[in-house]
Amino acid sequence: NYKFILETLVKKLWQIKRYGDVEIFGFSFGARLAQGAGYNLTLTNGGVPQISKLELCDPAGPGFDGTTKIVKNPKLSSKNTACINTSTDKGKRSYDFHQNFRIGNCELNQTGTTMTKMIKN
């Protein structure tokens with residue numbers, strides 16, 4: 001339940017109030033929650049990003065693509081948002097953050113996978 005968890009996270013962040021000291025890491029669904037929470041704080045503070053740093057890894061695509069859950073301007077979620085995409089050949093490609101890391105291809109296309117196949121043969 002994205003909306004409920006998001007609201008709970010935002011309430012907890014409001015209790016902290018020292019947003020400049022807050023750094024959040026989120027993976028997949030958690031990446032979308034962290035991004036959404038940061039964005040909500042930005043909207044309630046005059047459009048100025050409040051969270052110091054977000055580190056996101058492989059933001060979830062299914063259930064988010066084409067919905068209002070996607071933050072339209074992810075750079076407003078924090079003062080600095082870094083996003084790691086471990087698979088640039090499939091899935092959701094989120095490349096519109098302050099820092100975008102494109103690591104490579106997953107599964108059969110990975111270099112390490114090819115080497116493992118060669119060793120086994």
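Is Phe 29 buried, partly exposed or exposed? Please describe its surroundings as well.

Author: The model is a predicted one. In it, Phe 29 is partly exposed, because its relative accessible area is 32%, which lies between the limits of 20% for buried and 50% for exposed.

Let us turn to the partner of this residue. Tyr 2 and Phe 29 form an aromatic pair, with 6.1 Å from centre to centre and 80° between the planes. This arrangement is edge-to-face, because the angle is over 60 degrees. The count of aromatic pairs comes to one. A pair of aromatic rings is described by the distance of the centres and the angle of the planes, and both values have been given here for this pair.

The buried residues of α2 are Ala 31, Arg 32, Leu 33, Ala 34, Gln 35, Gly 36, Ala 37, Gly 38, Leu 41 and Thr 42. What covers them includes α1, strand β1 (23-27) and strand β2.

The next topic is the nonpolar core. In soluble globular proteins, nonpolar side chains tend to be buried together. Here the largest nonpolar core has 19 residues. Those with the most contacts inside this core are Leu 6, Leu 13, Ile 24, Leu 41, Ile 51, Leu 54 and Leu 56. At least two residues of the core come from each of α1, α2 and β2 (53-57), and α2 gives the most, with five residues. One member, Leu 54, illustrates the contacts. Leaving aside residues up to four places away in sequence, Leu 54 touches Ile 24, Ala 34, Gln 35, Ser 77, Ser 78, Asn 80, Thr 81 and Ala 82. Ala 34 and Gln 35, both among these neighbours, are also among the buried residues of α2.

Side chains of opposite charge can pair when their charged atoms come close. A search of the whole structure finds two salt bridges. In one of them, Glu 55 and Lys 53 meet at 3.0 Å, N to O. Glu 55 is partly exposed, at 33% relative accessibility, and Lys 53 is partly exposed too, at 25%. In the other, the closest N and O atoms of Arg 18 and Asp 21 are 2.3 Å apart. Arg 18 is exposed, with a relative accessible area of 57%, and Asp 21 is exposed as well, at 51%.

Finally, the chain as a whole may be considered. There are three helices and four strands, and from the N terminus on they run α-β-α-β-β-β-α. Buried residues make up 33% of the 121 residues. Among contacts between residues at least 6 apart in sequence, 60% join residues at least 24 apart. The chain exposes about 7,400 Å², of which carbon and sulfur atoms supply 56%.

Technical notes. Residues are numbered from 1 along each chain as its sequence is written. This is a predicted model: local features need pLDDT of at least 70, side-chain atom pairs count only at pLDDT 80 or more; totals for chains, interfaces and linings use all residues. Side-chain values use heavy atoms; hydrogens and water are left out. Rings of Phe, Tyr and Trp (its six-membered ring) pair if their centres lie within 6.5 Å; planes under 30 degrees apart count as stacked, over 60 as edge-to-face and the rest as tilted. Buried means under 20% relative accessible area, exposed over 50%, partly exposed in between (1.4 Å probe, protein chains only). Contact means heavy atoms within 4.5 Å. Accessible areas come from the Shrake-Rupley method with a 1.4 Å probe; for residues, only the protein chains shown count as cover. A nonpolar core is a set of buried Ala, Val, Leu, Ile, Met, Phe, Trp, Tyr and Cys residues joined through side-chain atoms within 4.5 Å. A salt bridge is a side-chain nitrogen of Lys or Arg within 4 Å of a carboxyl oxygen of Asp or Glu.
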